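Let's work through a few exercises on one protein chain. Keep the viewer open and try each task before you read its solution.

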Amino acid sequence: MSKDKQGGVMVRRLFYNLAVVTVFMADAFFLCLLLSNTVGDDSSFAVPIYLLAVAMISRFTSGYWYGILASVLGVVLVNTVFTYPYWVFDLSIAGYPLTFAVMLTVSSMISALTTQVKKQEQLRFEAEKEKMRANLLRSVSHDLRTPLASIQGASSTLLENASLPRQQQEELLREIDQDARWLTRVTENILSVTKFTGKQVGLKKNEEVMEEIVSSAIVKFRRGHASLPVTVEKPKNILLVPMDATLIEQVLLNLLENVACHAQTATCIKVRIQPQPGRVVVSVADNGVGIAPARLAHIFDGYGELVDQKAAADNGRRNMGLGLSVCSAIMYAHDGGIWAENNKQGGATFSFWLPCDQEEQEDLDE
C-alpha cells in the first residue's frame with residue numbers, strides 16, 4: 001500500500017473513531033439529562049450510563065486511547081453537569097475525589113479489557129487464516145501430483161501410439177477430461193481461499209433468485225455426473241436472496257461434488273430450498289453411508305477427508321479436504337452458516353443458510 005493510501009486510511013480511521021466517541025458521549029449526555037428531568041436531582045444513574053458509553057466506545061474504536069478519552073470526559077461531565085453543585089467542576093466536597101477516581105479507574109479498566117478482547121479476537125482470526133493457508137499448501141502439494149501425472153501419462157500415450165483402438169483412445173480422453181474438470185474445481189477453490197484470506201474481503205451482493213442459482217449449479221454438476229440423479233424440492237414463492245451468485249453456486253457445486261466423490265453407495269441426491277423467518281436454507285441430501293461421527297465436528301475445517309486414504313486410493317478418488325472449508329468461508333463472508341448431519345434413514349445432509357427479508361418475496365400464485 002502506498003504512503004498516500006496509508007495516510008488516507010489513517011485519516012478516515014481517525015475521523016471514524018472520533019465520530020464514535022462523539023455519538024456515544026452525546027447519547028449518554030442527553031439520556032442523563034432526560035432522566036434527570038424525569039426523576040429529579042438524584043443523578044446516581046449518570047455513572048453507570050457513562051460506564052456503558054465507555055464500554056461501547058471501546059468496542060467500536062481501535063486502540064486504547066479513545067476509551068481513555070471517553071473515561072476522562074465521562075468523569076468531567078458527571079462531576080460538572082450531574083453532581084451538585086451543578087454546572088461547576090468541583091472536587092472539594094467530601095468523598096467526591098475518591099468517587100470520581102474510582103469511576104475513572106473502572107472506566108479505564110473497561111476500556112483496556114474491551115480492547116484486549118478485540119485484539120485476541122483478531123489474533124484468533126489471523127490464526128484461522130494461517131491455518132487455512134497451511135491446509136491449502138499441504139493439500140496442493142500432496143494431491144495435485146496425481147491428476148497432473150495422469151493427464152500427462154494419458155496424453156503421452158495418445159501421442160506416441162496413434163494406432164490405439166478407438167475404444168482405448170476414448171477411455172484415455174475421458175480420463176483426461178475427468179482430471180481436467182477436477183483441476184478446474186480445485187483452482188476455483190484455491191482462488192476462493194486466496195480471496196477470503198486476504199487483508200480486504202469485500203462481497204458484491206445482489207438479489208438473486210435462489211432457484212436459478214441451484215438450477216445453474218445442478219446443470220454444471222450433471223455434465224460430469226450424468227448417472228447420479230438430482231431432484232429439487234422448492235417453495236411456491238420466488239425467493240430473492242442477497243448474495244454473490246458465483247460464490248453461492250460454488251458452494252452448491254462443492255456440496256454436490258462431495259456427494260459424487262465421497263458418499264459411497266449413494267444413488268440419488270435431493271436438493272431442498274426452504275424459506276424460514278429471516279433466512280433461506282438450502283440442503284443437499286444423499287442416501288449413501290453417511291459421515292463417521294468422529295469426523296462431523298471437524299468436517300469444515302480443512303483437515304482430513306470424508307473417507308480414509310486407503311479407500312480413496314482404491315476407488316481413484318482424490319480429496320484435498322479443501323472444498324468444504326471453502327464452503328464454510330463463503331458462508332461466513334455472507335453472514336450465513338453451514339452444517340452437516342447424518343440422516344436417520346441413512347446418508348448425510350449438508351445445509352447452509354443465507355439471511356434474507358421474507359417480506360419482499362413474491363408469490364408465484366398471485
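The exercises below go from the sheet to a helix, a loop and the surface.

This is a predicted model, in which local features need pLDDT of at least 70 and side-chain atom pairs count only at pLDDT 80 or more, while totals for chains, interfaces and linings use all residues. Residues are numbered from 1 along each chain as its sequence is written, and side-chain values use heavy atoms, with hydrogens and water left out.

**Exercise 1. Work out the strand order of the open sheet and find its edge strands.**

Step 1: Start with the elements, which are DSSP runs numbered from the N terminus (helices: H or I, at least four residues; strands: E, at least two). Two strands pair if DSSP finds at least two bridges between them.

Step 2: Five strands make up the open sheet, in the order β2-β5-β6-β8-β7, and their pairing is mixed.

Step 3: β2 (230-233) and β7 (337-342) pair on one side only, so they are the edge strands. On average, neighbouring strands of this sheet are turned by 15° against each other, direction ignored; axes are lines fitted to C-alpha atoms, for helices over the stretch in contact, and angles run from 0 to 180 degrees between N-to-C directions.

Step 4: Helix α8 (residues 245-262) touches β5, β6 and β8, and its direction makes about 175° with that of β8; contact here means heavy atoms within 4.5 Å.

**Exercise 2. Describe the two partners of β6 and explain why this strand is largely enclosed.**

Step 1: On one partner, strand β5 (residues 269-276), the pairing with β6 is antiparallel over eight bridges. Here Q274 stands opposite V281.

Step 2: Look at the connection. Two residues lie between β5 and β6 in their hairpin, and G278 in the turn has a positive phi of about 80°.

Step 3: Strand β8 (residues 348-355) also runs antiparallel to β6, joined by seven bridges. Opposite R279 stands P355, and S283 has S351 as its bridge partner.

Step 4: Now the burial. Buried means under 20% relative accessible area, exposed over 50%, and partly exposed in between (1.4 Å probe, protein chains only). Seven of the eight residues of β6 (residues 279-286) are buried, so the strand is largely enclosed by the rest of the structure.

**Exercise 3. Is L69 buried or partly exposed?**

Step 1: Locate L69 in helix α3.

Step 2: L69 has a relative accessible area of 38%, so this residue is partly exposed.
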